[in-house]
Amino acid sequence: WQETEDISASPLGDEFLTEDVAADPNAIDRLQDELDSNWMDSESVSEQKERSELLNDGFPSERIAPELLEIFFAEITQHQAVIASVTEALRANGAAIEIDDKLLRTLHTMNGSARTAEVSEIHLPSGVFERYLSLKKEQALNLTLLDGELLSQFHLHVEEVLIALKENNA
């Protein structure tokens with residue numbers, strides 16, 4: 001996931017996180033293109049950390065309080081299981097499947113948990129995925145194989161972030 005200089009800003013622009021997007025018939029296509037290009041061209045979390053250290057900026061997630069860290073890991077691990085089950089179901093089906101509320105709640109909760117813990121590496125992409133899939137669901141569109149691949153990449157990204165957090169907070 002590519003971060004912007006201001007970690008509070010969405011790398012895809014705030015328009016993707018607002019209600020105004022629903023009025024744009026091309027919003028889903030644009031967001032899918034942005035997600036695709038960000039995931040396929042992204043640097044790993046370890047590369048982000050290296051770059052950040054070179055800038056003497058520190059890994060943003062080092063700020064997690066120990067009492068919050070344990071709760072955060074437990075919650076994110078549960079959410080990761082939901083994402084994995086959805087991507088496995090999509091692969092097993094071999095075609096598009098309906099976007100269910102459980103996945104949307106998972107992404108919403110991941111977004112909130114990561115924002116609270118100040119883990120922008122999870123907060124930003126989970127918020128974008130939540131909005132993207134909500135828009136698709138509102139328009140009665142299914143979760144596609146490409147969406148599943150993007151979710152799989154997100155799942156791997158979150159795993160890398162969790163490993164980095166464990167190392168930084170050991």
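Select Val86 first: at 11% relative accessibility it counts as buried (buried is under 20% relative accessible area, exposed over 50%, partly exposed in between, with a 1.4 Å probe and protein chains only). This is a predicted model, where local features need pLDDT of at least 70, side-chain atom pairs count only at pLDDT 80 or more, and totals for chains, interfaces and linings use all residues. Residues are numbered from 1 along each chain as its sequence is written, and side-chain values use heavy atoms, with hydrogens and water left out.

**Stop 1: around Val86**

Val86 sits in helix α3. Helices here are DSSP runs of H or I with at least four residues, numbered from the N terminus. Show the neighbours of Val86. Not counting residues up to four places away in sequence, Val86 touches Ile97, Leu103 and Leu143. Contact means heavy atoms within 4.5 Å. Now pick Asp100. Val86 and Asp100 are 14 residues apart in sequence, and their C-alpha atoms are 9.2 Å apart in space.

**Stop 2: helix α4**

Select residues 101-116, which form α4. How far apart are the end C-alpha atoms of α4? They are 22 Å apart, which agrees with the 22 Å that its 16 residues should span at 1.5 Å a residue. The expected span is 1.5 Å times one less than the number of residues.

Colour the buried residues of α4: Leu103, Leu104, Thr106, Leu107, Met110, Asn111, Ser113 and Ala114. Their cover includes α3 (66-93), α5 and α6 (145-168).

Two of these deserve a click.

- Thr106 has 5% relative accessibility, so it counts as buried. Leaving aside neighbours within four places in sequence, Thr106 is in contact with His79, Val82 and Ile83.
- Ser113 has 11% relative accessibility, so it counts as buried. With neighbours within four places in sequence again left aside, Ser113 is in contact with Phe72 and Glu75.

**Stop 3: α3 against α4**

Show α3 and α4 together. They pack at an angle of about 155°, with their axes 10 Å apart. Axes are lines fitted to C-alpha atoms, for helices over the stretch in contact, and angles run from 0 to 180 degrees between N-to-C directions. The angle makes α3 roughly antiparallel to α4. Angles over 145 degrees count as roughly antiparallel, under 35 as roughly parallel, 65 to 115 as roughly perpendicular and the rest as oblique.

The crossing of α3 and α4 is left-handed. That term applies if the near helix is turned anticlockwise from the far one by less than a right angle; clockwise is right-handed.

Display side chains for the contact. From α3, take Leu68, Phe72, Glu75, Ile76, His79, Gln80, Val82, Ile83 and Val86. From α4, take Lys102, Leu103, Thr106, Leu107, Thr109, Met110, Ser113, Ala114 and Thr116. By class, the contact of α3 with α4 has 10 nonpolar, six polar and two charged residues. Ala, Val, Leu, Ile, Met, Phe, Trp, Tyr, Cys and Pro count as nonpolar, Asp, Glu, Lys and Arg as charged, and the others, Gly among them, as polar.

**Stop 4: Glu118**

Step past the end of α4. Glu118 lies in the loop between α4 and α5. Its phi is near 60°, a positive value in a residue other than glycine. Buried or exposed, or in between? At 40% relative accessibility, Glu118 counts as partly exposed.

**Stop 5: helix α5**

Select residues 120-138, helix α5. The 19 residues should span 27 Å at 1.5 Å a residue, and the end C-alpha atoms are 26 Å apart, which agrees. How many residues of α5 are buried? The count is 17 of the 19, so α5 is largely enclosed by the rest of the structure.

Bring α4 back. The axes of α4 and α5 come within 8 Å and cross at roughly 155°. That makes α4 roughly antiparallel to α5. This crossing is left-handed.

Show the residues that meet. On α4 they are Asp101, Leu103, Leu104, Leu107, His108, Met110, Asn111, Ala114 and Arg115. On α5 they are Ile122, His123, Ser126, Gly127, Phe129, Glu130, Leu133, Ser134 and Lys137. By class, the contact of α4 with α5 has eight nonpolar, six polar and four charged residues.

**Last stop: Ala140**

Ala140 lies in the loop between α5 and α6. Phi is positive here, about 60°, although Ala140 is not a glycine. At 67% relative accessibility, Ala140 counts as exposed.

Key: Helices (H or I, at least four residues) and strands (E, at least two) are DSSP runs, numbered from the N terminus.
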